[in-house]
Amino acid sequence: MLLQDTALVFGRYLRQTLRSRFAMLFGVLMPLLYLLFFGPLLIDLPLGGGSSWQVLVPGLLLQLGLFGASFAGFMIIVEKNLGIVERMRVTPVSRLALLLGRVLRDTAVFVFQAVLLVLAAVVMGLRAPVAGILIGFAFVALLTLSLASLSYALAMRVSSPHTFGPTVNALAMPSMLLSGLMLPMSLAPGWLDALSHVMPLRYQVDAMRDAYVGSYATASMAYGVLVAVGFAGLAVTVGTRVFRTAGA
């Protein structure tokens, strides 16, 4: 029943997304602009850990998941105001399915956008092993699953977009700046590099960059996988609990 309910909710929201193809493609615009206008500035700079594209593209992919999934909860606020959440509350659909259907839709959309971004990066000059690129997509999927779950949980607890937006932005911006999405934190001063280790996203960024240069059996990869899987499990648990207690 859980699988059937999840598929039902996933299909409903995926159809909504497919009816708005422009919005789906618009989400990849910001990382694409970074790729086109910021990427060429890094060529021939001694960044370490591969070419400039192998350093930048993993960060841009995770940036896509970070900002896209973090703001996914806006839709829940709209649905609450329209009474859709109230109508779902009286159905026998599993509360976990109500969450998973939404986050799996978000995951599918952002992985699709990540594919488009990688194709554009290949045209720009990215060269990376296929296995590394696929591992990168898996990290994007896990990050989206985690942040979308927490975003929906937060949206169920707030009453208006005016509260939701600034809260998410206050959390997402430090995560981006301290995780080394644009440039490796190894280039930062020692105190800033040490501070960045409190950010779970830092470990996923480092693991993806290892994957893009073909280094799979590294400590960074092991830490990245453990953090990504553990964070996803924790986020889904929190999201499910909030959906149950909020009567969603």
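Buried means under 20% relative accessible area, exposed means over 50%, and partly exposed lies in between. The model used in these exercises is predicted.

**Exercise 1. Classify Phe38 and Tyr34 by accessibility, then classify their ring pair.**

Step 1. Phe38 has a relative accessible area of 23%, so Phe38 is partly exposed.

Step 2. Tyr34 has a relative accessibility of 29%, so Tyr34 is also partly exposed.

Step 3. Turn to the rings. A pair of aromatic rings is described by the distance of the centres and the angle of the planes. Centres must lie within 6.5 Å, and planes over 60 degrees apart count as edge-to-face.

Step 4. The structure has four aromatic pairs under this rule. In the pair of Tyr34 and Phe38, the centres are 6.3 Å apart and the planes stand at 90 degrees, so the pair is edge-to-face.

**Exercise 2. Find which helices the pair Tyr203 and Tyr223 ties together.**

Step 1. Check the geometry. Tyr203 and Tyr223 are 6.5 Å apart, centre to centre, with 70 degrees between the planes. The pair is edge-to-face.

Step 2. Place the residues. Tyr203 lies in helix α11 (residues 200–212), and Tyr223 lies in helix α12 (residues 219–245).

Step 3. Draw the conclusion. The pair therefore ties together parts that are 20 residues apart in sequence.

Step 4. Tyr203 has a relative accessible area of 22%, so Tyr203 is partly exposed.

Phe71, Phe74 and Phe164 are linked by ring pairs into a cluster. The charged end of Arg12 sits over the ring of Tyr13, 4.9 Å from the ring centre.

**Exercise 3. Decide how helices α3 and α7 run relative to each other.**

Step 1. Take the axes. Those of α3 (residues 29–37) and α7 come within 10 Å and cross at roughly 10 degrees.

Step 2. Apply the cut-off. Angles under 35 degrees count as roughly parallel. Therefore α3 and α7 are roughly parallel to each other.

Step 3. List the residues that meet. From α3 come Pro31, Leu32, Leu35 and Leu36. From α7 come Leu117, Ala120, Ala121 and Met124.

**Exercise 4. Describe the largest nonpolar core.**

Step 1. Start with the general rule. In soluble globular proteins, nonpolar side chains tend to be buried together.

Step 2. Count the members. The largest nonpolar core holds 66 residues. Leu61, Leu62, Tyr152, Leu181 and Tyr212 touch the most other members.

Step 3. Find the main contributor. Helix α8 gives the largest share of this core, 12 residues.

Step 4. Look around Tyr152. Leaving aside neighbours within four places in sequence, its contacts include Ala72, Ile76, Leu99, Val103 and Phe243. Arg102, Arg105 and Asp106 are also among them.

How values were computed:
Residues numbered from 1 in each chain as written. Predicted model: local features only at pLDDT ≥ 70, side-chain atom pairs only at ≥ 80, totals over all residues. Heavy atoms only, no water. Phe/Tyr/Trp six-rings, centres within 6.5 Å; stacked < 30°, edge-to-face > 60°. Buried < 20%, exposed > 50% of the residue type's maximum accessible area, 1.4 Å probe, protein only. Helix = DSSP H or I, 4+ residues; strand = E, 2+ residues; numbered from the N terminus. Lys NZ or Arg CZ within 6 Å of the ring centre and 35° of its normal. Core = buried A, V, L, I, M, F, W, Y, C linked by side-chain atoms within 4.5 Å. Contact = heavy atoms within 4.5 Å. Axes fitted to C-alpha atoms, helices over the stretch in contact; angles between N-to-C directions. Parallel < 35°, antiparallel > 145°, perpendicular 65-115°, else oblique.
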